[in-house]
Amino acid sequence: PSLPPIAPAKIYGNWRRGAWGECSVTCGRGLQRRNVQCADFAQRRLIDSIHCDRRTRPDGERECVQRHCEAFQWKTGLWSICSKPCGRGIQTRQLSCVDSNDSPVSPGRCSMLPKPLMSQ
């Protein structure tokens, strides 16, 4: 014997939207989230989401775009002439931290990056 079909839940609620949260990133593309809950028509209490029309459910997530990410990197100069004409000498080079426009910035901006050798 087959079971009778289950009747869909009666719709007697509507969707309550929460405020959008902060973007998940501080720069570039990220996500924002908010609570979306089903509430009875009087908006006095939350009810199970089966009692709200799922076709009209508002998005609980959306893309957000924050300011352009600043990219920093170490920029190395050319190696100097060796300090001795023969045997063991030292070569040095300039090292600077630059932004995405190749403009010098504080070395602290590159502090989380591996630092290239300044002498050899």
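A disulfide (a pair of cysteine sulfur atoms within 2.5 Å) joins C97 to C110, with an S to S distance of 1.9 Å. The structure is a predicted model, in which local features need pLDDT of at least 70 and side-chain atom pairs count only at pLDDT 80 or more, while totals for chains, interfaces and linings use all residues. Residues are numbered from 1 along each chain as its sequence is written, and side-chain values use heavy atoms, with hydrogens and water left out.

The torsion about the S-S bond of C97 and C110 is about 80°, so this disulfide is right-handed. C97 lies in strand β6 (residues 95-98) and C110 in the segment after β7 (104-105), so the bond ties together parts that are 13 residues apart in sequence. Strands (E, at least two residues) and helices (H or I, at least four) are DSSP runs, numbered from the N terminus. C97 and C110 are both buried. Here, buried means under 20% relative accessible area, exposed means over 50%, and partly exposed lies in between (1.4 Å probe, protein chains only).

The count of disulfides comes to 3. Another of them is formed by C23 and C64, whose sulfur atoms are 1.9 Å apart. This pair links distant parts of the chain, 41 residues apart: C23 is in the loop between β1 (13-17) and β2 (29-33), and C64 is in strand β4 (residues 61-65). The disulfide is right-handed, because the torsion about the S-S bond of C23 and C64 is about 80°. C23 counts as buried because its relative accessibility is 16%. C64 has a relative accessible area of 7% and is therefore buried.

C38 and C52 are also joined by a disulfide, with 2.0 Å from S to S. The torsion about the S-S bond of C38 and C52 is about 90°, so this disulfide is right-handed. C38 belongs to strand β3 (residues 36-40) and C52 to the loop between β3 and β4, so the pair ties together parts that are 14 residues apart in sequence. Both C38 and C52 are buried.

Two further cysteines, C82 and C86, were considered next. The cysteine sulfur closest to that of C82 is in C86, at 9.4 Å, which is too far for a bond. C86 is in no disulfide, as its nearest cysteine sulfur, that of C82, is 9.4 Å away. C82 has a relative accessible area of 33% and is therefore partly exposed. C86 is exposed because its relative accessible area is 62%.

Charged side chains were examined for salt bridges, a salt bridge being a side-chain nitrogen of Lys or Arg within 4 Å of a carboxyl oxygen of Asp or Glu. A search of the whole structure finds 5 salt bridges. One of them is between E63 and R29, with the closest N and O atoms 3.3 Å apart. E63 is in strand β4 and R29 in strand β2, so the pair links distant parts of the chain, 34 residues apart. Both E63 and R29 are exposed.

A salt bridge also forms where the side chains of R33 and E61 meet, at 3.1 Å from N to O. R33 in strand β2 and E61 in strand β4 are 28 residues apart, and this pair likewise links distant parts of the chain. E61 counts as partly exposed because its relative accessibility is 40%. The side chains of D40 and R45 meet in a salt bridge as well, at 3.5 Å from N to O. D40 has 12% relative accessibility and so counts as buried, whereas R45 has 48% and so counts as partly exposed.

Aromatic and nonpolar side chains complete the description. R57 lies over the face of W15, at 5.3 Å from the ring centre. For such a contact, NZ of Lys or CZ of Arg must be within 6 Å of the ring centre and within 35 degrees of the ring normal. A nonpolar patch on the surface is formed by I11, Y12 and F41, with about 280 Å² of accessible area together. Nonpolar patches join side chains of Val, Leu, Ile, Met, Phe, Trp and Tyr within 5 Å, and like charges are joined within 9 Å; patch residues have over 30% relative accessible area and no salt bridge. Accessible areas come from the Shrake-Rupley method with a 1.4 Å probe, and for residues only the protein chains shown count as cover. I11 is placed in the segment before β1. I11 is partly exposed because its relative accessible area is 42%.
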